[in-house]
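Grab a pencil and work through a few exercises on one model. Try each task before you read its solution.

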Amino acid sequence: MHAGRRKEKRIHIYNESGLRLPLRHEEISGIILTLLKAYQLSSCDINIIFMADEPLRDMKKEYFDQDVFTDIISFTMECCEDYLEGELYISLPRIRENASRYHVSIRQECARILIHGYLHLMGYEDGNPEAREQMTILENRHLEECGYA
């Protein structure tokens, strides 16, 4: 990667879901910028792609050998002391369903999923109850920092 690009904060947002995003692009970028600051990263290149259920389910099958619906898939390309590069694929229908299930606003659930995906980019896992609990604690802290608690 070109050294000059690593000094930039590049956040690209794509909506391929056919649905209206619950947060404005500026709000989504603001969440990511708040997280970068919290984890003391000076630059990033992050793609955030909002999708429908089926394409994300297909990705889950292809990359994780699991035939299930999911709310987010995260791919870290690079994570080092001051730079983060990765992609977040988010199911907008799952966000809407989760918001209804957990009795929170769609905006808050969207913020939570963005934070959850960012934590995965940073290397956090949620494959067991203890790790899941730790991620939930971090998500709640960051939701408050970002103003979505």
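Ground rules: the model is predicted, so local features need pLDDT of at least 70 and side-chain atom pairs count only at pLDDT 80 or more, while totals for chains, interfaces and linings use all residues. Residues are numbered from 1 along each chain as its sequence is written, and side-chain values use heavy atoms, leaving out hydrogens and water.

**Exercise 1.** Work out whether Ser 91 is buried or exposed.

Start with its place: Ser 91 sits in strand S4 (residues 83–91), strands being DSSP runs of E, at least two residues, and helices runs of H or I, at least four. Next, its relative accessible area is 0%, so Ser 91 is buried (under 20%, with exposed over 50%, 1.4 Å probe, protein chains only). Finally, list its neighbours: not counting residues up to four places away in sequence, Ser 91 touches Met 51, Ala 52, Asp 53, Leu 56, Thr 70 and Asp 71 (heavy atoms within 4.5 Å).

**Exercise 2.** Find which residues of H1 and H5 meet.

From H1, take Ile 31, Thr 34, Leu 35 and Ala 38; from H5, His 142, Glu 145 and Cys 146. Sorted by class, that contact has four nonpolar, two polar and one charged residues.

**Exercise 3.** Say which residues are closest to the centre of the largest pocket.

Of 27 lining residues, pick Thr 70, Asp 71, Ile 72, His 116 and Asp 126. By class, the lining has nine nonpolar, seven polar and 11 charged residues.

Note on methods:
Ala, Val, Leu, Ile, Met, Phe, Trp, Tyr, Cys and Pro count as nonpolar, Asp, Glu, Lys and Arg as charged, and the others, Gly among them, as polar. On a 1 Å grid over the protein atoms alone, a cavity is a set of points where a 1.4 Å probe fits but cannot get out, and a pocket is an open set with protein on both sides within 12 Å along at least five of seven lines; lining residues have an atom within 4 Å of a point.
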